[in-house]
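Subject: The structure I promised you

Hi,

Have a look at it first, then read on.

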Amino acid sequence: MNTELLLLIVSLPPNPSSLRVRVWRRLRAIGAVALKRTVYLLPDTPDHYELFQWLAQEIQRAGGEATLLRVEQIENMSSGEIAQLFHEARNSDYRLLGGRYRKLLQSLDRKAAATNPRVLVELAQLQRDYEKLRELDFFDAPEGAEVERLREAIDMRTRPSEEPKRREKAVSRLADLKGRRWITRRRPHVDRIASAWLIKRFIDPEATFLFADPQDFPTDAIPFDTPGAELSHVGEDCTFETLLKRAGLRDRRLTRLAEIVHEADLRDGKFPRDEARGVDVVIRGLLAAHQDDQEVLRHGLALFEGLYAGASGKE
């Protein structure tokens, strides 16, 4: 983390009272966070310096005082503690935005989502708000990952379903996919880890898994749980459910596990499985504890093997 910071120290007159509100809104709009009640921080960049300069001039013209400083270190605060101040501000914003994304996801009409004018308008507004928030997320706040997951779920949900003939053909091919490499997006969450477990457990015990950005996917690997991939979300189904159906697997324990994965991934209330929240929390913990996606996968495979072994087939 770059520890060079800009500090704006402000002192506002009691009148006009609207000045305090105006300054607070401006500080919030540019992503500044409060170190103390009258001291605000931004990472030291030319754009941020100019924004603080303009705000300082506005405060001074209104009869207040403003001092702009460049600092390399704040006494008694580590770089991590400074980043945490920004994380707390952005996490709150991400949670609000995530709530709006989740509400839209839960209300989607699966048959007409891709062309529903209301959905398209709401998605466009959410996209604008997301882009604005990303511009203010200087240190990659953790809650941003949940919003990204919801965005991906909506993207895959609103894609038109594949033709039935294509699905039938894929089922026949799935059993022949032996000794292949599979690839999905980085930082795997519930659906990606569960799908990898299903592949390795029931389709190909020798399967290996790669993680990359979609534009860097190698052509010889089989993509899954990524927008545009054949083995991904289809209609109401998450990727785990798609793989389960295409592999032709008939197992009540897998059906129960699919409901848990669906709820943990999509949270649309289709399957009210209480276990979903716990699985989601555990995998978030794995992602926080391990930067290596292969290590996350290793622990995740053990998790789903345990869930499968402990599941009752009587439900």
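Below is what turned up, going from the overall picture to the spaces, the cores and the salt bridges.

A word on the ground rules: this is a predicted model, where local features need pLDDT of at least 70, side-chain atom pairs count only at pLDDT 80 or more, and totals for chains, interfaces and linings use all residues. Residues are numbered from 1 along each chain as its sequence is written, and side-chain values use heavy atoms, with hydrogens and water left out.

**Overall picture**

The protein has eleven helices and seven strands; these are DSSP runs numbered from the N terminus, with helices being H or I of at least four residues and strands E of at least two. Its C-alpha atoms fill a box of roughly 75 × 45 × 40 Å along the principal axes. Of its 315 residues, 45% count as buried. Buried means under 20% relative accessible area, exposed means over 50%, and partly exposed is in between (1.4 Å probe, protein chains only). Now for contacts, meaning heavy atoms within 4.5 Å: among those with a separation of 6 or more, 74% are between residues 24 or more positions apart.

**Spaces**

Rolling a probe the size of a water molecule over the atoms shows where empty space is left. The search uses a 1 Å grid over the protein atoms alone: a cavity is a set of points where a 1.4 Å probe fits but cannot get out, a pocket is an open set with protein on both sides within 12 Å along at least five of seven lines, and lining residues have an atom within 4 Å of a point. Points are joined across faces, edges and corners, and a volume is the space filled by probe spheres set on them.

How many cavities of 30 Å³ or more does the structure hold? There is one, and about 80 Å³ of space lies in the largest cavity. Helices α5 (144-158) and α7 (190-203) are the elements that each give two or more residues to its lining, and α5 gives the most, with four. Sorted by class, the lining has three nonpolar, two polar and seven charged residues. For that sorting, Ala, Val, Leu, Ile, Met, Phe, Trp, Tyr, Cys and Pro are nonpolar, Asp, Glu, Lys and Arg are charged, and the others, Gly among them, are polar.

The largest pocket holds about 1,000 Å³ of space. It has 32 lining residues, and Pro142, Gly144, Ala145, Glu146 and Arg187 are the closest to its centre. The lining divides into ten nonpolar, four polar and 18 charged residues. The second largest pocket has about 370 Å³ and 13 lining residues, with Asp93, Asp129, Lys132, Leu133 and Leu136 nearest its centre. Here α4 gives the most, with five residues.

**Cores**

In soluble globular proteins, nonpolar side chains tend to be buried together. A nonpolar core here is a set of buried Ala, Val, Leu, Ile, Met, Phe, Trp, Tyr and Cys residues joined through side-chain atoms within 4.5 Å. The largest one has 53 residues, of which Tyr101, Trp182, Trp197, Phe209, Phe240 and Phe304 touch the most other members. Its largest share, eight residues, comes from α7. A second, separate core of 16 residues includes Ile30, Phe52, Ile59 and Ala66.

**Salt bridges**

A salt bridge is a side-chain nitrogen of Lys or Arg within 4 Å of a carboxyl oxygen of Asp or Glu, and the count comes to 34. Is Glu152 buried or exposed? At 15% relative accessibility, Glu152 counts as buried, and Arg192 is buried too, at 8%.

Asp237 and Lys245 form another bridge, at 2.6 Å; Asp237 is buried at 11%, while Lys245 is exposed at 53%. Finally, bridges that share partners join Arg102, Glu146, Arg149, Asp265, Arg267, Arg277, Asp280 and Arg284 into one network.

Cheers
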